[in-house]
Amino acid sequence: MLPVYVPILILAVVAIGFAAFTIVASHLLGQPRPTDAKSAVYECGMPAIGTARERFPIKFYLVCMIFILLDVDAAFLYPWALIYPQLGWFGFVEMLVFMTLLGGGFAYAWKVGALDW
Amino acid sequence: MDALLRLFSLIPGWDQNVPAWASISLAGLLAAGLCLGFISLGPVGYVYVERKLAGFMQDRLGPMRVGPWGLLQTIADTIKLLFKEAIFPAAVNRPLFVVAPCLVVIGAFMGFAVLPFSPTWQGTDLDVGAFYVIAIGSLSTVGLIMAGWASNNKYALFGAMRSAAQIVSYEIPAVMSLIVVVMIAGSLSLQQIVAAQAGGLHNWFLWKFFPLNVIAFLVFFTATLAECNRTPFDIPEAESELVAGFHTEYSGFFFAMFFLAEYTEMFVASAMVSVLFLGGFAAPLPVLQTVAGFDIGPVWLIAKAWALVFVHMWLRWTLPRLRVDQLMHVAWKVLLPIALFLIVVIGGLLTAPATAGGFPWDPWFGWPLTALLCGYLMLTALRAWRWHARQVREAVA
Amino acid sequence: MTASAVVFWVLTLIVLASAAVVVLSRSLINSAFALLATFSGVAGFYVLLGADFLAAVQFLVYVGGILILLVFGVMLTHRIQDLDLRAEARQLVPGLFVAAGVFILLAAVATRTPWAIGAGRLPSATTAEIGRAFLGKYLLPFEAASILLLVALIGAALIVRKREDA
């Protein structure tokens, strides 16, 4: 086992334990006494109409799609940004090529209005 | 954790009698306990400070009733929240409704594992530390959207969807401007990033390649501000249109957990900004790094992070909220192009031998500008205080 | 059993159980959220193998991106609340044959491949190593990947673009 990750594991266990403890404690300290009015859906004082889980605009989906693509781009950028100072001009040219491709795609997306909300 | 392990070794006979796994887990639990204490007690202070600040900025007094100057107000609030029942509305999806706040809290906590408080006071020095903090934050995003879905409430679901879209949009500029720092430092390990900025204020990455890195700092700070869902980027919980956003249906301590997570995220984000740009635990003057032989790195990191938390609060009570389309515009069409441009320019500057170590004028800007900024802030605070005192005098008279 | 073996089996249990929930759950949203545990478990496997950068990317892209995308996709579905995912079992016998065949094939490949166990050392800093590989041995695949990303970005932009007629 790699000892570097042990603190993260321990913190994860403590965090989960804290969350569980809080839930149990809040359940014990504040006894739930549900009534009909209390357990109604909150809707500014009037009965809620229909369900909340309606269809959502597709914009959210599309923004997320572009996010994933740029995120993967960033994941490609990191490994060699790390060793960038050692690369010299070869690294700079390589970076220019990569950034041109990325910037080209980005500029296209901007031009066709994919980035408008 | 290293510091704790070393403390254990000082106890006579510890190394011989206690197995390694036991002392590692004991040190880990102690460190995690320290973090937990800091995290869970911190918001009590933050909320009080935020309410007081809001009061001063809006020319009122803020909490005054409970305790002297209202000091016990948030403690009373916490106790009240603990004893309140958690309401489960009939329409909610119970398992997800319970798991969601836990995920948000865990996602906010986990960032603490790599925050460097000093060369030895750190959970663990991961090779991918800076990347880890950003990656683990996605847990909170999933928690928020889970909360919105489980609540089965229109406001909650809208808030959650907006918040997820906002966080993913601002993650890109954050990740891209982080690359600038990574290129300069040549490392993702937070310990090494701080080490690269040691030796005083003029060495901080903020003042390197002046004024380019100042822009990178602003991009990163804005992006982290947006990822914490704070004003002017708080449309996920815009109370004028969405009641309370994703936590509309939450009450009692579940509600408190969202707040805990929000303030913890604020602290982690601010600490990250100070590690990446403001030298982390490195003092502005090397002389100030130790007091009586003790390394006071943690004090410096916490002070810097709190200063940035103060800026978060200041912005909240100063700027109006953005609209959704303006929000997206800022992320995609302002911050992201700037970040990409900075990567190319700073990449070129780093490659050219003449500027590889920064511009020749870099050492001359850090101190004067910092002094100017601090002086201006103090003057403004003084004037605000005198104005406030005069208002009080006139009201009494 | 060593500590890493214990962690491995716990992770395996988490991944398999949550993957089973993803496949078997009748509610689309439960399936989507169960993926959280699956993705995290896979990230855990990467950590166990010493691939820390890959684990972080797995978390960032899959949990922070793909999972959110899936949930957004679910929200696009009409009447998601009443939707009852139930697969009818038609052609049970041929299906079983195909499943068994795939299983045998995969098992054969897995058992017969001469895995290089313990041959390599764990690089201490994988991220820099990946960077060197990108710009050295695997330069061409790296460029191909960046062009692929460009194509995907243009494709996504084409789908997203505002249509004047709409």
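**View 1. Where chain A meets chain B in this predicted model.** On one side of this contact are 53 residues of chain A, and on the other 67 residues of chain B; a contact here means that two C-beta atoms, placed from the backbone, lie within 7 Å. Helices α1 (6–29), α2 (59–82) and α3 (89–111) of chain A are the elements that each put two or more residues into the side touching chain B. The largest share, 15 residues, comes from α1(A). Sorted by class, the side of chain A that touches chain B has 40 nonpolar, nine polar and four charged residues. For the sorting, Ala, Val, Leu, Ile, Met, Phe, Trp, Tyr, Cys and Pro count as nonpolar, Asp, Glu, Lys and Arg as charged, and the others, Gly among them, as polar. Numbering starts from 1 along each chain as its sequence is written, with chains lettered from A and ligands numbered from 1 in the order in which they are written. Since this is a predicted model, local features need pLDDT of at least 70 and side-chain atom pairs count only at pLDDT 80 or more, while totals for chains, interfaces and linings use all residues.

**View 2. Chain A on its own.** Chain A has three helices and zero strands, in the order α-α-α from the N terminus on. Helices (H or I, at least four residues) and strands (E, at least two) are DSSP runs, numbered from the N terminus. The radius of gyration of chain A is 25 Å, well over the 13 Å that the globule rule gives for 117 residues, so chain A is more spread out than a compact globule. That radius is taken over C-alpha atoms, and the rule is 2.2 Å times the number of residues to the power 0.38. Along its principal axes, the C-alpha trace of chain A spans about 70 × 50 × 20 Å. Of the 117 residues in chain A, 39% are buried; buried takes 20 or more other C-beta atoms within 10 Å of a residue's own, exposed 12 or fewer, and partly exposed is in between, with C-beta atoms placed from the backbone.

**View 3. Pro85(A) and its partners in chain B.** Look for Pro85(A) in the loop between α2 and α3 of chain A. Leaving aside its neighbours within four places in sequence, Pro85(A) is in contact with Gly186(B) and Leu350(B). Pro85(A) counts as partly exposed because 15 other C-beta atoms lie within 10 Å. Pro85(A) and Phe21(A) sit 64 residues apart in sequence and 48 Å apart in space, C-alpha to C-alpha.

**View 4. The loop between α9 and α10 of chain B.** Phe209(B) lies in this loop and has a positive phi of about 50° although it is not a glycine. Phe209(B) is buried, with 22 other C-beta atoms within 10 Å. The peptide bond from Phe210(B) to Pro211(B) is cis, with omega near 0°. Pro211(B) is also in the loop, which runs between α9 (190–195) and α10 (212–227) of chain B.

View 5. Chain C has a mean pLDDT of 81, with 84% of its residues at 70 or more; pLDDT is the predictor's confidence in each residue, from 0 to 100. Among the elements of chain C, helix α5 (residues 126–135) has the lowest mean pLDDT (79) and helix α4 (residues 92–112) the highest (90). For the complex, the predictor gives an ipTM of 0.86 and a pTM of 0.88.
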